[in-house]
Number of protein chains: 2
Amino acid sequence: MSQQRPGGQSGQPGAVPALPDLPEATVARLPEYLRALHHLAESGHDTVSSEGLASAAGVNSAKLRKDLSHLGSYGTRGVGYDVALLIEQIEYVLGLTQRRAVALVGVGNLGHALAGYAGFATRGFRIAALFDADPSRVGELINGLVVRHIEDLAEIAEAESIAIGVIATPASAAQLVADQLVAVGVTSILNFAPCVLSVPEGVDVRKVDLAIELQILSFHEHRKASLTSLPATGPAAGLTALPGGLSATGTEEAVGT
Amino acid sequence: MSQQRPGGQSGQPGAVPALPDLPEATVARLPEYLRALHHLAESGHDTVSSEGLASAAGVNSAKLRKDLSHLGSYGTRGVGYDVALLIEQIEYVLGLTQRRAVALVGVGNLGHALAGYAGFATRGFRIAALFDADPSRVGELINGLVVRHIEDLAEIAEAESIAIGVIATPASAAQLVADQLVAVGVTSILNFAPCVLSVPEGVDVRKVDLAIELQILSFHEHRKASLTSLPATGPAAGLTALPGGLSATGTEEAVGT
DNA sequence: TAGATTGTTAATCGATTAACAATC
DNA sequence: TAGATTGTTAATCGATTAACAATC
């Protein structure tokens, strides 16, 4: 149905739709579809079925079709989706038709790696500036960019039209950096520091915490181990939950609190 | 269903519960609570209310209480939660009472940074081995560990009781590495390569894709821009969605496909 | 036309949240 | 006892999925 608005009773016929208001879960999957589509395009496919794309993206095909239907997408029944067209549509809604300028704050271990990460450049972004608060790092050249002092943020953010800030500082500095980014008008932040940031409404923060990812995997490991060897082992409700009757996994080495 | 479970009608009184089967959303938040709790403990709190912990972890307090109730948790009405006890309980369910050995494959840009990431060590993990397929990198010393050739994986995985594999290779190598990890018995994988891995049932994979995080932020930037300046601009259904009538954002530079 | 595959429906499932009785 | 705060209920919301009519 609906030519130019998912949903039917759009008041004005002929009115071009604003950006569709996609479910968050859908937004989070579109980049994965995009990656899979680029891969398909490179291997010469110009058409793909929902089944084919879904399996390339690691999701269920009903979910894929539902997601694409929110875009008001244009597949062809009996045929599938035009790869190039779908790439264009997804890049459009994700706002990737303009390359966005990214400022990276904190050029320690991780920041260094991020500054050199080729995937940003190939997937719609341009690292436009590097910052650090440590004067001894300022001036350093990383991947063709000079590290600037965080004090210069305002000036450079304006000059480079920074759209997204990436925080790769220690947790102790992250809130201050976030405040500074917000102060110069940045409304999207990717935070690698292991802490919660508080920001005004209208500012989006996404967080990547590497240790948390491992801890989630650890839970499942623990779970799998407790299932294979079912000698009722438990948290000893209320008491200390230390070793006691653990079992079967192998490595056993208490972790300091 | 389920014989010995937190939640009321457990058959055997005195029977210790196996690991509770937590909702995935809860599992994903527990590490955040844990981090906040350690922070509170360091600043001398020995008790915290659900309201206080929730705000430190950036969630709603009803959600926090619900999450903790799945652990069969032991708060005290009118008082709050005992910080040290809660830390113990969460570390127990997450399987952090034993320090897990991690193998990191791929010591390029990102792998290098991960090998040096202190957060792993302080939060329950031990990077036990580094691997690469490039002979010219083998032998290199990173953070006190020698880079080994991926061929030696089997031998070392056994010797070090590797529990979790981290893939930081290019996408083109990631599936092969995953197969090799699975072959030596690893059942938890953290994948930084931008691709979908296929693994047998029983193996858990978590994926971190840095460009995807930025693309999600880009969507919201695009969305915010399309709302503030409402001159009906749209995807030109079916046609190319290139610049045309875009507007207002500033940076405008087409991105290559 | 027959076969294939989309877009949508509707049922189901899981997650969130406000509200409040239980209880310290 | 009065005040505070948990643990749980129940309502709501959003996401997933199988199934299938529409249609190429």
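The model is predicted, with local features requiring pLDDT of at least 70 and side-chain atom pairs pLDDT 80 or more, while totals for chains, interfaces and linings use all residues. Residues are numbered from 1 along each chain as its sequence is written, and side-chain values use heavy atoms, without hydrogens and water.

DNA strand C is surrounded by 27 residues, the closest being Ser50(A), Gly75(A), Tyr81(A), Arg29(B) and Arg77(B); a residue counts as near when one of its heavy atoms lies within 4 Å. In polar contacts (pairs of N or O atoms within 3.5 Å), a side-chain N or O atom of Arg77(A) lies 2.9 Å from a base oxygen of DNA strand C, and one of Tyr81(A) lies 2.7 Å from a phosphate oxygen of DNA strand C. Helices here are DSSP runs of at least four residues (H or I), and strands (E) of at least two.

The unreviewed UniProt entry places a "DNA-binding region" at residues 32-71 of chain A; such annotations may be inferred rather than shown by experiment. This stretch is 72% helix and 5% strand.

In chain B, seven strands form an open sheet of mixed pairing, ordered E5-E6-E4-E3-E7-E8-E9. Strands E5 (141-142) and E9 (204-207) of chain B each have a single partner strand, so one side of each lacks a neighbour in the sheet. Pairing requires at least two DSSP bridges; E8 (residues 188-191) and E9 of chain B pair in the parallel sense over four bridges, with Ile189(B) opposite Val205(B).

How values were computed: Chains are lettered from A and ligands numbered from 1 in the order in which they are written. A polar contact is a pair of N or O atoms within 3.5 Å; within protein, one must be able to donate a hydrogen and the other to accept it, and residues adjacent in sequence count only if both atoms are side-chain atoms.
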